Amino acid sequence: MTSGEDEEYPAELSSGGNFVAGPLPDDPAEIDPVDLEEIERQARRELLRVEAELNQRWPETKIEPSLDRIAALMTVLGDPQKTYPVIHVAGTNGKGSVTRMIDALLSRLGLRVGRYTSPHLQLVTERIAVDGAPIAASKYVDIYRDIQPYIGMVDNAGGPKMSKFEVLTGMAFAAFADAPVDAAVVETGMGGTWDATNVADGQVAVITPIGLDHTDYLGDDLGKIAGEKAGIIKPGSVAILAEQEPEAQRVLLERTVEVDATVARAGSEFGVLRREIAVGGQMLSLQGLGGVYDEIFLPLHGAHQANNALLALAAVEAFFGAGKDRRLDLDAVREAFAAVENPGRLEPVRAAPTVLLDAAHNPHGARALATAIEEEFAFRRLTAVIGVLEDKDVRGVLEALEPVVSDVVVTKNSSPRAMPLDELNELALAVFGEDRVVAEPSLDAAVETAVALVEESDGGEPLAGGGVLITGSVVTVGDARTLFGKEPA
């Protein structure tokens, strides 16, 4: 399985972002604004060229179960993934959120951190982050050009050429060694055992909740899916497990016994003691592996994000060897969580009316989103703008959202894998009924229609208290962030 992030973003790049190409003067005042604009244009052009080359490779959703190619690349590069400790994150939902939280905690505790995630929302450079920020476009290009001859060696060794995801994974590991970082937190693309990221041996393996997703690739048996995810748990490592369905939990625990890994389970060895909704997020009290962490403000919504924070905390405790009565610095933990940013997860991008973005793209994620909306928001009327990929359980997503939204505007996102609008419209009509569904061919038109719906009045001033939720796909949310002028993060 060469990779496969769950949502492939098209080759086109957002016009946003701050790109730097070539050496610059120490004093920014010395840079002529015209020169800086030209530098950015050059970096953007080079990034487009690299992406065009990478898009000639197997797409990130094409699977061939082997680590041979990525392992061969790592070998000729000198095994950069072995030059720093790794925290490895797998699961069905919450991987990206947990990865970002681990990054924030490690950074606040004094480490230089590399972060590898997928898919990206707006720019591919988001996937490889150092010091909490995406690498510059010029750095991305330089890394690719540096390792390109070695990629060619692997390509020419016989068999399928490296996939795009394998190349990106190799670039990330090389970038982290070049930085250099003190630690890397690495999110799997899909699965675990055969995911390209699994050439790294994580000293801590985190498994977020496992559900049915990517059934075309992983199957529809929860136990088999858990077995694939469990492949990141390596001999002698520490496994941090979210609460799971019994079938998945059994498989994960069997893996820990098989490889003699230490295990810590949410709800047993650590847990959420208290959660209170607060302005802009929630206040938490967490039982970690080393003690209680209270008065934790998390600027994210939903019980699922509290559980993600718990997993991240336990993972970092395990990384530092925290245990009974050995707690991490409480002030540092508080500061790290308070500063967490998680774009595309109930992210507000506009007020009056409120517009929220959430990248939920499977029924499990949509149910968590619906619960958060119901518990933490009080919209008079909430209209959902939904664009999806055609290989998802779209009906399951729609059914999960139906109880909490007033109506829905279906549309098509920019991915070549987007579900055709007429098909999505038919599914939405079956779930919501004719009176609650509008179809629009483009995202900007869909947002405009949704805003008009929530501001409808009886001839007077537009009504307050309405909201728009843009969801259904990582690609849809990425398109929306660009539409609302958000910088890649």
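Guide: The model is a predicted one. Strand β5 covers residues 183–187, and five of its five residues are buried, so the strand is largely enclosed by the rest of the structure. Here, buried means under 20% relative accessible area. In a regular strand, the side chains alternate between the two faces of the sheet. In β5, A183, V185 and E187 point one way, whereas A184 and V186 point the other way. The residues on both sides are buried.

Two strands pair with β5. One is strand β1, residues 86–90, which is joined to β5 in the parallel sense over four bridges. Within this pairing, I87 stands opposite V185 of β5. The other is strand β2, residues 113–116, which also runs parallel to β5 and is linked to it by four bridges. There, Y116 has V186 of β5 as its bridge partner. V185 and V186 point opposite ways from the strand.

The loop between α5 (164–178) and β5 contains P180. A cis peptide bond joins A179 to P180, with omega about -15 degrees. By contrast, most peptide bonds are trans.

D79 has a positive phi of about 50 degrees, although it is not a glycine. D79 counts as partly exposed because its relative accessibility is 22%, whereas the residues of β5 are buried.

Technical notes:
Residues numbered from 1 in each chain as written. Predicted model: local features only at pLDDT ≥ 70, side-chain atom pairs only at ≥ 80, totals over all residues. Heavy atoms only, no water. Buried < 20%, exposed > 50% of the residue type's maximum accessible area, 1.4 Å probe, protein only. Pairing = 2+ DSSP bridges.
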